[in-house]
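Before reading on, take a moment to look over the sequence and the model together. The briefing below is meant to be read with both in view.

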Amino acid sequence: MSQPPTPGSPVLPVPPKIVKRLSGIVGETHVITDPDRLLVYESDGLTAYRVTPRAVVLPASTDEVARVVEILHAEGIEVVPRGAGTGLSGGALATENGVVVGMARMNRILEIDPENRLARLQPGVVNAHLTEATRPHGLYYAPDPSSQSTCTLGGNVAENSGGPHCLKYGVTSRYVTGLTVVLAGGRVVQLGGAGGARHASLDLVGLFVGSEGCFGIATEIEVRLLPLAQGVRTLLGIFETMEDAGRAVTAIMASGLMPAAIEIVDQATIRALEASVFAAGYPVDAGAALVVEFDGTEAGLDADADRAEKCCLAEGAREVQRATEPEHRAALWTARKKAFGAMGRIAPDLLVQDATVPRTKLPEVLVRIAQIGESYDIKIANVFHAGDGNLHPNLLFDRQNASELERVEHASKEIMKLCVEVGGTITGEHGVGIDKRDYMPLVHNETELEMLRSVKELFDPDGLFNPGKVLPSRAAPGSESPAGMTS
Ligand SMILES: Cc1cc2nc3c(=O)[nH]c(=O)nc-3n(C[C@H](O)[C@H](O)[C@H](O)COP(=O)(O)OP(=O)(O)OC[C@H]3O[C@@H](n4cnc5c(N)ncnc54)[C@H](O)[C@@H]3O)c2cc1C
């Protein structure tokens, strides 16, 4: 981990004449320079890193974003886009020369088009609010990050976010059909649109999705909606060990079933949850629990649930419960989605790791992650999207304890190497940001990294959008690994 500067006042305040010009565009109250108010923006969900921005600007329209970016870039000031700040890889972390441009005021759903199953919205719309607004039309927005009650569509686009139900339905990139983007210097472009009908050549929308705030700012987003499922069946498989639960995941998928979601929670997580306000009846003596869900047309759902139950029992589940009441199902999901919050009961700080491995490797990898935790004397709790092989080992620590922070860093790096070794990769959905930047050479050689840098340079030739994220610095001539690579 890089050493963040001391939190507090920005290192380089924005000159008053620039503040005045920015205020002229967005209004004085929407330019934040007071150090106390800036503290809110000093980190995102990756709380081990903290940098106070030089200022925060909160525009309300594409035109305002474009004019703000034009002024800042003309002054050589870096721009860090920010949604709700729930990112877990440090993507929205300010840079020392940076001004944060926040999307909180751009939170309007502009159009719902039920006939074409599309919605057009501003980037600050909260993920769950979109489904609430489209439900009366019998439609919903499928990607459902566990943070969906808070995170924004702009952040989802930038991170190409997933969620429990992305096992069946796919991640954000599958749903974004058009974007309005403010590029470097304040230029505005329209990419795609109207359900993809306006595509003429290369998929520039696809290129932008997952760009982690490094290419520009999405100021309008068009997404595809899906019809609400007719029926749903939710199972809770209870296991003595994580290994058994991991094998059951493979068995369910290998049997040809297509669940909407398969999530694992381990014992440490269950105990934290059940002691919290999110308690939902997960048995605290279980080694692990699987939440398995099927949805779609009613016909066939019971048969699918029966087959999944058999797979769980064959792999050693001691019991498989059915959440037949909507309230029970909702409680199981709320608990699952609030698990990271409940872990505050175990330790004051949490590093949520995110990596993907082939599903068949889950049992082996889970055992090895537990060993890594023991060898560094770090508590690790697991709660993750098992059906996708998308692991979230949660490393619990106290950042006031310098030695523990250092051990977390080592353990985290070993987990990343392990996941790559078994054929996986360094992120499933939380992005690279600053946290995984130095792990990029584990999965890309220098030629590939150079290609990625060239793509960024096309969008952002002067490197003024979210610099220092995602891409490690170029390797020193004659050296194998990029600067900053510490493994
Ligand atoms: C409890 C919890 C559970 C989570 N569960 C999941 C999960 O299940 N699946 C998942 O994928 N993630 C999950 N996350 C991570 C996080 O919520 C997602 O990455 C989310 O998409 C971030 O959205 P945000 O609005 O908070 O973005 P921020 O954190 O503010 O920003 C994230 C990145 O997007 C960029 N950005 C933001 N807005 C824009 C814009 N308009 N244009 C260009 N770039 C922009 C930022 O610069 C930054 O790089 C979870 C986080 C928490 C805290």
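The model is a predicted one, and its domain assignment divides the protein into domain 1 (16–102), domain 2 (109–227), domain 3 (232–421) and domain 4 (436–487). Domain 1 and domain 2 both give residues to the shell around the ligand, so the ligand lies between them.

**Domain 1 and domain 2**

- The C-alpha centres of domain 1 and domain 2 lie 22 Å apart, and where the two domains touch, 15 residues of domain 1 are in contact with 21 residues of domain 2.
- On the side of domain 1 that touches domain 2, helix H3 (62–74) and strand E3 each supply at least two residues, and H3 has the largest share, with seven residues.
- Sorted by class, this side of domain 1 has seven nonpolar, six polar and two charged residues.

**The shell around the ligand**

- There are 36 residues around the ligand, and those that come nearest are Gly83, Gly91, Gly154, Gly155 and Gly213.
- The elements that give two or more residues to this shell are strand E3 (78–82), helix H5 (153–159) and strand E10 (217–224), and H5 gives the most, with five residues.
- By class, the residues of the shell around the ligand divide into 13 nonpolar, 18 polar and five charged.

**Helices H8 and H13**

- Two packed helices are described by the angle between their axes and the distance between the axes.
- For helix H8 (residues 242–254) and helix H13 (residues 362–375), the axes come within 8 Å and cross at roughly 155°, and H8 and H13 are therefore roughly antiparallel to each other.
- H8 passes H13 in a right-handed crossing.
- On the H8 side of this contact are Met242, Glu243, Gly246, Arg247, Val249 and Thr250, which meet Leu362, Pro363, Leu366 and Val367 in H13.
- The residues of the contact of H8 with H13 divide into six nonpolar, two polar and two charged.

**Helices H13 and H14**

- The axes of H13 and helix H14 (residues 402–421) come within 10 Å and cross at roughly 160°, which makes H13 roughly antiparallel to H14.
- H13 passes H14 in a right-handed crossing.
- In this contact, Val365, Arg368, Ile369, Ile372 and Gly373 of H13 meet Ala411, Glu414, Ile415, Leu418 and Cys419 of H14.
- The residues of the contact of H13 with H14 divide into seven nonpolar, one polar and two charged.

**Helices H8 and H10**

- The axes of H8 and helix H10 (residues 301–314) come within 8 Å and cross at roughly 145°, and H8 passes H10 in a right-handed crossing.
- From H8, the residues Ala248, Ala251 and Ile252 meet Ala308, Cys311, Cys312 and Ala314 in H10.
- The residues of the contact of H8 with H10 comprise seven nonpolar residues, with no polar and no charged ones.

Technical notes: Residues are numbered from 1 along each chain as its sequence is written. This is a predicted model: local features need pLDDT of at least 70, side-chain atom pairs count only at pLDDT 80 or more; totals for chains, interfaces and linings use all residues. Axes are lines fitted to C-alpha atoms, for helices over the stretch in contact, and angles run from 0 to 180 degrees between N-to-C directions. Helices (H or I, at least four residues) and strands (E, at least two) are DSSP runs, numbered from the N terminus. Angles under 35 degrees count as roughly parallel, over 145 as roughly antiparallel, 65 to 115 as roughly perpendicular and the rest as oblique. A crossing is left-handed if the near helix is turned anticlockwise from the far one by less than a right angle, and right-handed if clockwise. Two residues are in contact if their C-beta atoms, placed from the backbone, lie within 7 Å. Ala, Val, Leu, Ile, Met, Phe, Trp, Tyr, Cys and Pro count as nonpolar, Asp, Glu, Lys and Arg as charged, and the others, Gly among them, as polar. A residue is near a molecule or strand if its C-beta atom, placed from the backbone, lies within 6 Å of it. Domain bounds come from an automatic or database domain assignment.
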